[in-house]
Amino acid sequence: MIEVQGITKRFGGVTALSDVYAEIHDGEVVAVIGENGAGKSTLMKILAGVYKADAGSILIDEQPIRFRSPSDALAAGIRVIYQELSVLDNLDVASNVYLGREILGSGILLDRREMESETARILKRLDVNLKPRDRVADLSLAERQLVEIARALSMKVRLLILDEPTSSLTLDETRKLLDLVRELKYSGVTVLYVSHRLDEILEIADRVIGLRDGKNAGELTKKQITHDAMVRMMVGRDITATEPRATNPDAVTRLQVRGLRTQRFPNQSIDLDLRGGEILGVAGLVGSGRTEAVEAIFGITPPVGGQVSLDGQTIQVRKPIDAINAGICLIPEDRRKNGLSITMTVKENISMPSLAKFAPLGFIKRRAEATWARAQVERFGVKTESINLPALNL
């Protein structure tokens with residue numbers, strides 16, 4: 001169905017893709033795997049018409065095609081459902097399914113009856129318990145994802161690209177999505193499945209394409225797909241298990257939480273102790289209160305009750321700056337929405353939480369700020385041509 005030949009894409013001095021080849025056949029599920037920064041999302045956006053390749057070509061049904069915009073890709077039957085969903089909360093399901101392609105009745109009035117009827121037919125095909133008039137704001141993340149899939153099916157999609165589709169789903173929701181992928185395959189829809197979750201790929205993929213550092217890392221047929229083979233293709237070597245480092249039982253308790261009650265679960269309390277040099281895992285299903293707990297400790301949402309102590313001293317965290325000043329930092333689950341200011345530069349994003357030390361008198365010492373930012377870029381291996389580029393370019 002689609003052939004990618006020698007695709008290369010650069011962002012400034014950073015090469016995201018280099019001479020990448022891939023074939024995707026009609027009616028199969030192809031998984032694309034690779035570590036963060038391998039080029040998976042860039043390749044998907046080129047196929048979706050969001051980015052234009054600097055070199056190489058795309059063939060559909062053996063005919064060269066050039067996408068000038070996402071509209072061209074949609075016209076060719078290619079639809080991407082991104083990890084960051086694009087449904088509109090203030091509209092209902094039918095309005096989202098036909099967003100930008102509204103069915104008109106007489107004059108300029110919408111034919112709501114036809115839109116709702118067609119939406120109901122698609123939802124029935126997907127076997128989901130949603131109604132055309134359901135407000136998207138009231139839906140779960142998994143249900144919103146289904147609305148995006150319904151929108152794709154309303155466009156007679158040939159290739160559906162799913163970008164990390166299960167990253168925020170529960171186990172039950174993931175199972176339903178995988179069943180849906182199989183149904184789409186049997187109905188003739190080709191699926192490109194991008195995921196870090198190798199168990200899911202083992203279950204549904206007909207082939208696996210690997211990317212590493214923006215280049216082809218190999219390909220696996222159905223019989224060749226194993227967990228170890230995929231890991232080897234992603235990282236370029238075998239990964240051997242190591243014994244976990246034992247926690248020192250005599251280590252001093254650094255963080256102590258007692259009776260913490262969040263606004264979402266005011267009648268349930270949380271206690272935890274975290275010792276020096278220790279990694280503490282907090283597990284639970286989606287909606288169990290994990291995020292609410294860490295946001296309460298960090299001061300994003302003030303707790304209803306309880307206390308937090310750091311190094312034996314009770315601290316009052318009313319807002320995030322109180323936590324930062326105490327030495328507590330949070331990496332949020334939605335890095336685009338809550339973690340970065342994407343229109344600001346890499347340098348500004350890195351220095352923002354520590355800005356006071358670069359501006360003791362209210363004026364930022366730009367040279368010191370830049371030196372610090374470059375050191376962090378090198379330390380964490382941030383792929384950027386310059387610290388002065390917007391974070392949006394990463």
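Me: Which residues of helix 9 (residues 290–298) are buried?
Reply: This is a predicted model, in which local features need pLDDT of at least 70, side-chain atom pairs count only at pLDDT 80 or more, and totals for chains, interfaces and linings use all residues. Residues are numbered from 1 along each chain as its sequence is written, and side-chain values use heavy atoms, with hydrogens and water left out. Helices (H or I, at least four residues) and strands (E, at least two) are DSSP runs numbered from the N terminus, and buried means under 20% relative accessible area, exposed over 50%, partly exposed in between (1.4 Å probe, protein chains only). In helix 9, the buried residues are Ala293, Ala296, Ile297 and Phe298.

Me: What covers the buried residues of helix 9?
Reply: Cover is judged by contact, meaning heavy atoms within 4.5 Å. For helix 9, the covering elements include strand 11 (253–261), strand 12 (270–275) and helix 10 (320–326).

Me: Which residue just after helix 9 takes a positive phi?
Reply: The backbone just after helix 9 has a phi of about 90°. The residue with this positive value is Gly299.

Me: How many salt bridges does the structure hold?
Reply: Side chains of opposite charge can pair when their charged atoms come close. Some are linked in a network, made by Asp92, Arg112, Glu116 and Arg133. The total for the structure is 24.

Me: How far apart are the end C-alpha atoms of helix 5?
Reply: The expected span of a helix is 1.5 Å times one less than its number of residues. Helix 5 has 13 residues, so it should span 18 Å. The model agrees with this, as the distance between the end C-alpha atoms is 19 Å.

Me: How many of the 13 residues of helix 5 are buried?
Reply: The buried residues include Ala142, Leu146, Ile149 and Leu153. Their cover includes strand 6 (78–81), helix 3 (93–97), helix 4 (112–126), strand 7 (159–163) and helix 6 (171–186). Helix 5 is largely enclosed by the rest of the structure because its number of buried residues is eleven.

Me: Which residues touch the most other members of the largest nonpolar core?
Reply: A nonpolar core is a set of buried Ala, Val, Leu, Ile, Met, Phe, Trp, Tyr and Cys residues joined through side-chain atoms within 4.5 Å. The largest one has 48 residues, and those that touch the most other members are Ile149, Ile201 and Val208.

Me: Which helix gives the most to this core?
Reply: The helix in question supplies seven residues and runs over residues 141–153. That is helix 5.

Me: How many residues make up the other core, which includes Ile24 and Val30?
Reply: This core lies apart from the largest one, and Leu47 and Ile60 are also among its members. Its number of residues is 29.

Me: Where is Asp61, and is Asp61 partly exposed or buried?
Reply: Phi of Asp61 is near 50°, a positive value in a residue other than glycine. Asp61 sits in the loop between strand 4 (55–60) and strand 5 (63–65). At 42% relative accessibility, Asp61 is partly exposed.

Me: In which loop is Asp213 found?
Reply: Asp213 also has a positive phi while not being glycine, with a value near 55°. At 54% relative accessibility, Asp213 is exposed. Its place is the loop between strand 9 (207–212) and strand 10 (215–220).

Note on methods. A salt bridge is a side-chain nitrogen of Lys or Arg within 4 Å of a carboxyl oxygen of Asp or Glu.
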